Amino acid sequence: MPQHAVHQPLAKQVPGTLATVLGIAAADVEVVRAGHAARADMRITALGHTFVVELKQASSAAAIAFAAKQVQERTRQMHPSAIPLVAVPFMGDVGRRVCAEAGVGWFDLSGNAHIVAKGLRIHVEGRPNRFKSAGRPANVFAPKSARVARWLLIHADEFRTQREIARATGMDEGHVSRIVARLEQEGFLVRGERSAVRPRDPALLLDAWRERYQFSKHHILRGHVAARSGEALLRMIAEVFTNEQVEHAVTGLAAAWAFTHFAAFQLVTIYLAEDPTPAAMQRLGFREDPRGANLWLAVSNDAGVFQGATLEKGIRCVHPVQVYLDLKEQPERAVEAAERLRAERLTWSRHA
């Protein structure tokens, strides 16, 4: 089926939605030309401006990044003084950031928009997603499924076959095949020889995962342990669980400090493969109380969190990819810690 036939039900909503976000009547928006294979999806005039619109059914970060690049190129070819816009059913946080970095305006068919040009500044937010699918959508970032994305990000500059990924992650090849197919469909992967894959843009894949990631889905015990400092607490906890022979790895603020030495910290967060024993809790002197907690014990919802774990400053830490994700829901200076970690330990090449 031709691409524009697929888009047709959504395309009919574009002029009216654009009129709404611009604050004008639908009659004041004129579709100069609908797109075809060689050009953008629509060229529209309104308020004395010409808009070149690239419409995408998928709202994935990869699809939006491709659309932003595409609409910029087509605007230069068709009407250099026009305003390039990306339109999707609903624009998430990562998609908004992708458009901002590309310098492209956007609006969604749910009624949100950010369009800035000479003599024009439109910003509408807070409108809910009108296009949520019925039922539970497939999630390539669900706990076990995310092993694939994690492994690919850890080895982002190398092509990996699906069989290699399956063996490395402890997943069956059929499951890996379905996840890889979905990641490829959303534009996150490129293929090489023997159908091996690697991330097209690792940073974009990480952003898309972070948008959907929820640290709170792990089983978390929040409490307090007496210690002179965050570092002293960190080393005491690592020693206790090492002696108890419980698989563990530090994440969050403490791990970010271990990797980058960025800022002192009070909260220590550590993943455990199983519930801590009463003996371990007694040795720690752990008092469960979320108020003023300085220790979060996170019993992981999937063993994949330990992929790529390494020793840093004598402390076993999860891979920086996992640390970056977990910092999303950490207190203190977590935002700055995540930025530093990304700048120092999560830099990748982009692959066409």
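Accessible areas here come from the Shrake-Rupley method with a 1.4 Å probe. On that basis the protein has an accessible surface of about 16800 Å². Carbon and sulfur atoms account for 47% of that surface. The structure is a predicted model. Its secondary structure comes to 13 helices and 16 strands.

**Overall build**

- The C-alpha trace spans about 75 × 45 × 35 Å along the principal axes of the protein.
- The protein has 352 residues, and 53% of them are buried.
- Take the contacts between residues at least 6 apart in sequence: 66% of these join residues at least 24 apart.
- There are 45 positive side chains and 36 negative ones.
- The centres of the positive and negative sets lie 4 Å apart.

**Helix α6 and its buried face**

- Helix α6 covers residues 162-169.
- Its buried residues are Gln162, Ile165, Ala166 and Thr169.
- Viewed down the axis of α6, these buried residues fall within an arc of 100°, so they line one face of the helix.

**Aromatic pairs**

- The protein has five aromatic pairs, counting rings whose centres lie within 6.5 Å.
- One of them joins Phe215 and Trp296, with 6.1 Å from centre to centre and 20° between the planes.
- That pair is stacked.
- Phe215 sits in the loop between α8 (202-212) and β10 (219-224), while Trp296 belongs to strand β14 (residues 295-299), so the pair ties together parts that are 81 residues apart in sequence.
- Phe215 is buried because its relative accessibility is 1%, under the 20% cut-off.
- Trp296 is also buried, with a relative accessible area of 10%.
- Trp257 and Phe265 have ring centres 5.5 Å apart and planes at 55°, so this pair is tilted.
- Both Trp257 and Phe265 are buried.
- Phe215, Tyr271, Trp296 and Phe306 form one aromatic cluster.

**His218, in the loop between α8 and β10**

- His218 lies in the loop between α8 and β10, as Phe215 does.
- His218 has a relative accessible area of 6%, so it counts as buried.
- Leaving aside neighbours within four places in sequence, His218 is in contact with Tyr213, Tyr271, Val299, Ser300, Asn301 and Val305.
- One of these contacts, Tyr271, is a member of the aromatic cluster.

**The loop between α10 and β12**

- This loop runs between α10 (252-260) and β12 (268-272), and Ala263 is found in it.
- His261 is found in the loop between α10 and β12 too.
- His261 has a positive phi of about 60°, although it is not a glycine.
- Ala263 likewise has a positive phi of about 60° without being a glycine.
- The relative accessibility of Ala263 is 23%, so Ala263 counts as partly exposed.
- Setting aside neighbours within four places in sequence, Ala263 is in contact with Trp257 and Arg333.
- Trp257 is one of the two rings in the tilted pair.
- Ala263 and Arg333 are 70 residues apart in sequence, yet their C-alpha atoms are 8.0 Å apart in space.

**Leu311, on strand β15**

- Leu311 lies in strand β15 (residues 310-312).
- Leu311 is exposed because its relative accessibility is 60%, over the 50% cut-off.
- Leu311 and Phe259 are 52 residues apart in sequence.
- In space, the C-alpha atoms of Leu311 and Phe259 are 9.7 Å apart.

Note on methods
Residues are numbered from 1 along each chain as its sequence is written. This is a predicted model: local features need pLDDT of at least 70, side-chain atom pairs count only at pLDDT 80 or more; totals for chains, interfaces and linings use all residues. Side-chain values use heavy atoms; hydrogens and water are left out. Buried means under 20% relative accessible area, exposed over 50%, partly exposed in between (1.4 Å probe, protein chains only). Helices (H or I, at least four residues) and strands (E, at least two) are DSSP runs, numbered from the N terminus. The arc is that of the directions from the helix axis to the C-beta atoms. Contact means heavy atoms within 4.5 Å. Lys and Arg count as positive and Asp and Glu as negative; His and the chain ends are not counted. The place of a charge is taken as NZ of Lys, CZ of Arg, CG of Asp or CD of Glu. Rings of Phe, Tyr and Trp (its six-membered ring) pair if their centres lie within 6.5 Å; planes under 30 degrees apart count as stacked, over 60 as edge-to-face and the rest as tilted.
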